[in-house]
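Subject: Structure for your review

Dear colleague,

Please find the structure below, followed by an account of what was found in it. I would be grateful if you could read the two side by side.

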Amino acid sequence: TFAQPKYKDLVPGFETMGRDELRNTLKEYLLVDLDHPNANFRLALIYESNYNGAAVLTRYEYAIANATQARLRFIKARQLVDQRDVERNNEFYSPLYRTVDAKGRPFVEFSVISEKINRGLDSSMLFLNNVPAIYHDFTKSVNHYDNAVRIFSEINSEFLSLDDIYLYFDPSFDRKLSQLKTHYDSARHYFDQYLALTKSYPIPHHRQKYHVKPIITYRLDGLITRMNFLTPDIEFWDYGAWVERVRKSVSDEILSLRS
């Protein structure tokens, strides 16, 4: 505690610090002065910037952790930052806004700080309320489609032509087709939910849609070596329609031939 520098001596150096260095400096200072209003406010701003700048589909844990910390620090700041503190220590706040008073001196009104705290708290709570469901539906879609791709690849490896499929079609293979269609339908279902959620709560870095591509030629279409669900326009191979087409051919033609 004796060696801890005074906060007013630290503030001038904040302008030259990177975001991570400033975060660590503020956290270190708060270890001995837990209720410092400006330090809590500045730390809340850093966490807010971190989660707003994160691509939530690829850095979900990082984004959620920073949004959680932002919410906690904004709550703390709302408890500590008041009119008296801002007026007495305006030099701590005014560099963040670069505004001046009537005489041209750096100054920021308490109402500006108060509004920022309230908006920051609301934004972090909205983020924490909406993003987990968005991430859940997106990852469920990816996982189901990955399973559909795997099953279709197994079928292509086992049967060299549609004639082979028709020849060896049995209840076991029909169950595999059911699994393929279920995973495909689930992938579409969860992705539709993901798009609906992001329409009502847009997430940064991702504005997506998808299109469905028919499987025309067996063992040529529908095979995927590398999936990418982060592109602006995602391609779904229509495994569901292919399953229905195979079943219809078996029902309309193959069963009578077998008989």
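A salt bridge is taken here as a side-chain nitrogen of Lys or Arg within 4 Å of a carboxyl oxygen of Asp or Glu. The model is a predicted one, in which local features need pLDDT of at least 70 and side-chain atom pairs count only at pLDDT 80 or more, while totals for chains, interfaces and linings use all residues. Residues are numbered from 1 along each chain as its sequence is written, and side-chain values use heavy atoms, with hydrogens and water left out.

Salt bridges

By the rule above, the count comes to 12 salt bridges. Glu-154 and Lys-176 form one of them, with their closest N and O atoms 3.6 Å apart. This pair links distant parts of the chain, since Glu-154 belongs to helix H7 and Lys-176 to helix H9, 22 residues apart. Helices (H or I, at least four residues) and strands (E, at least two) are DSSP runs, numbered from the N terminus. Glu-154 counts as partly exposed at 33% relative accessibility, and Lys-176 is also partly exposed, with a relative accessible area of 22%. For these classes, buried means under 20% relative accessible area, exposed over 50%, and partly exposed in between (1.4 Å probe, protein chains only).

A second bridge joins Arg-247 to Asp-174, and here the closest N and O atoms are 2.8 Å apart. Arg-247 lies in helix H10 (residues 239-258) and Asp-174 in helix H9, so the bridge ties together parts that are 73 residues apart in sequence. Arg-247 is partly exposed at 23%, and Asp-174 is partly exposed at 25% relative accessibility.

The bridge between Arg-23 and Asp-20 (3.7 Å, N to O) is set within helix H2, where the two residues are 3 apart, about one turn of the helix. Arg-23 has a relative accessibility of 21% and counts as partly exposed; Asp-20, at 46%, counts as partly exposed as well.

Helix H2 (residues 19-30) has 12 residues and should span 16 Å at 1.5 Å a residue, which agrees with the 16 Å between its end C-alpha atoms. The expected span is 1.5 Å times one less than the number of residues. The buried residues of H2 are Leu-22, Thr-25, Leu-26, Tyr-29 and Leu-30. They cover an arc of only 130° around the axis, which puts them on the same side of H2; the arc is that of the directions from the helix axis to the C-beta atoms. Their cover includes helix H1 (7-14), helix H3 (37-53) and helix H4 (60-80).

Leu-43 has its place in helix H3 and is buried, at 0% relative accessibility. Its contacts (heavy atoms within 4.5 Å), not counting residues up to four places away in sequence, are Arg-23, Leu-26, Lys-27, Leu-30 and Arg-73. The C-alpha atoms of Leu-43 and Leu-26 are separated by 6.6 Å, although these residues are 17 apart along the chain.

Glu-48 is also found in helix H3. At 8% relative accessibility, Glu-48 counts as buried.

Aromatic pairs

The structure holds 24 aromatic pairs. Rings of Phe, Tyr and Trp (its six-membered ring) pair if their centres lie within 6.5 Å; planes under 30 degrees apart count as stacked, over 60 as edge-to-face and the rest as tilted. Tyr-145 and Phe-236 form an edge-to-face pair, at 5.0 Å centre to centre and with 85° between the planes. Tyr-145 lies in helix H7 (residues 110-158) and Phe-236 in strand S2 (residues 233-237), so this pair ties together parts that are 91 residues apart in sequence. Both Tyr-145 and Phe-236 are buried.

The ring centres of Phe-159 and Phe-173 are 5.1 Å apart and the planes are at 75°, so this pair is edge-to-face. Phe-159 is in the loop between H7 and helix H8 (162-168), and Phe-173 is in helix H9 (residues 171-200), 14 residues apart. Phe-159 and Phe-173 are both buried.

Ring pairs also link a cluster whose members include Phe-138, Tyr-145, Tyr-184, Phe-236 and Trp-242.

Yours sincerely
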